[in-house]
Amino acid sequence: MAAAVAAAPGALGTLQAGRARLVAACCARLGPRWSLPGSWRSPRVDPAIWVRGWTPAAGGAAWRRGYSSEVKTEDELRVRYLEEENRGVPRCSSPVKVALLGAEDRGAASVLISRRAKVNKPGIVVLGINRAYAKNSLSKNLIKMLSKAVDALKSDKKVRTIIVRSEVPGIFCAGADLKERVKMNSSEVGPFVSKIRAVINEIANLPMPTIAAIDGLALGGGLELALACDIRVAASSAKMGLVETKLAIIPGGGGTQRLPRAIGMSLAKELIFSARVLDGQEAKAVGLISHVLEQNQEGDAAYRKALDLAREFLPQGPVAMRVAKLAINQGMEVDLVTGLAIEEACYAQTIPTKDRLEGLLAFKEKRIPRYKGE
């Protein structure tokens with residue numbers, strides 16, 4: 001396609017060739033087996049969800065964490081699979097909590113959950129940050145864990161939506177771990193900030209919908225983490241802001257780029273220049289979040305709203321959801337003509353899928369479609 005339009009004469013041909021290359025690159029983001037129209041193939045998904053050290057509790061009714069002598073007594077990142085029971089039928093009594101840590105990190109043997117994966121239905125995954133003693137700040141270890149979790153989840157076709165939340169009441173994420181940062185020399189700071197930026201970018205580039213549930217404080221890198229998600233919901237009591245200029249630095253995890261795209265350039269500059277902190281109602285008023293809720297007794301109002309949204313997403317065609325996200329994200333960065341070409345290329349990827357035929361058949365038979373992501 002790119003070669004064909006490149007033959008067009010003059011500047012128009014050059015422009016069209018550039019757009020064609022952009023569309024082709026956009027399709028490449030879907031995976032190694034996606035292509036432009038004319039070569040229909042399904043995306044290849046290699047399941048790589050690893051768990052380690054989980055042992056059944058007494059009676060076998062629940063699961064508990066099996067620790068080695070090298071493992072901390074607190075899981076700083078908890079990954080839970082909320083299966084398709086979330087559509088409204090009874091849930092499992094105890095969703096499995098999965099720590100996405102490779103064996104090389106902690107010295108324990110990793111186990112690929114193959115048998116359990118066969119019985120798991122597609123559903124929602126919750127990434128729960130759990131560093132209560134450090135206000136969920138982004139440490140080297142937490143960044144490593146987030147990177148491994150995202151790397152595993154991005155190729156898991158069973159995952160339909162990811163929710164990022166805190167398991168610490170009153171805190172979403174307080175930003176970078178400054179106690180750890182103060183021990184770094186100048187040469188270490190830049191590379192570490194680059195790692196934070198890279199992980200936040202990985203979250204932004206996840207193919208499935210992502211929701212940030214902000215039930216507490218989200219400052220600096222914490223708000224940048226939320227900005228990387230497709231949708232943000234918050235409790236009215238939550239506090240959020242990019243406050244880096246108070247420390248004589250600037251947002252380094254994408255905040256200077258994503259905040260203007262979310263709320264507009266002028267207002268983003270005002271908030272960053274002033275290091276102002278907004279509550280949930282103020283954040284909703286400026287368009288930083290999609291929904292604001294009064295906090296409940298349990299302190300998880302935003303998380304519950306995120307679950308409601310994720311359940312709304314579950315019945316939809318998973319391939320369509322992924323290419324819709326790609327078309328929106330890529331199209332917002334280019335002119336309208338190129339954006340429409342990206343939409344056309346993404347739409348074309350849904351045409352040969354089994355899910356599209358299933359959707360038509362279900363419509364004809366007046367029943368709920370059973371999509372498989374194929």
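Start by selecting Cys 229, which is buried, with a relative accessible area of 4%. Keep in mind as you look around that this is a predicted model. How many disulfides does the structure have? The count comes to 0.

Next, stay with the stretch around Cys 173 and colour strand S9, residues 171-173. Strand S9 belongs to an open sheet of 4 strands with mixed pairing, and the order to trace across the sheet is S9-S11-S13-S14. Which strands stand at the edges? They're S9 and S14 (278-279); each has a single partner strand, so one side of each is left without a neighbour in the sheet.

Now zoom in on S13, residues 239-241, which pairs with S14 in the antiparallel sense over 2 bridges. Show Met 240 here and you'll find it opposite Leu 278 of S14.

Time for the largest pocket, with a volume of about 840 Å³. It's lined by 24 residues, and the closest to its centre are Leu 227, Asp 230, Arg 261, Asn 329 and Glu 333. To see what surrounds the pocket, select helix H7 (186-204), strand S12 (231-235), helix H9 (255-263) and helix H13 (318-331), the elements that each give two or more residues to the lining. H13 provides the largest share, 6 residues.

Last stop: pick Arg 165 and Tyr 303. Arg 165 lies over the face of Tyr 303, 3.8 Å from the ring centre. As for aromatic pairs, a search of the whole structure finds 0.

Key
Residues numbered from 1 in each chain as written. Predicted model: local features only at pLDDT ≥ 70, side-chain atom pairs only at ≥ 80, totals over all residues. Heavy atoms only, no water. Phe/Tyr/Trp six-rings, centres within 6.5 Å; stacked < 30°, edge-to-face > 60°. Lys NZ or Arg CZ within 6 Å of the ring centre and 35° of its normal. Disulfide = S-S within 2.5 Å. Buried < 20%, exposed > 50% of the residue type's maximum accessible area, 1.4 Å probe, protein only. Pairing = 2+ DSSP bridges. 1 Å grid on protein atoms, 1.4 Å probe; cavity = no way out; pocket = protein on both sides within 12 Å on 5 of 7 lines; lining within 4 Å. Points joined across faces, edges and corners; volume = space filled by probe spheres on them.
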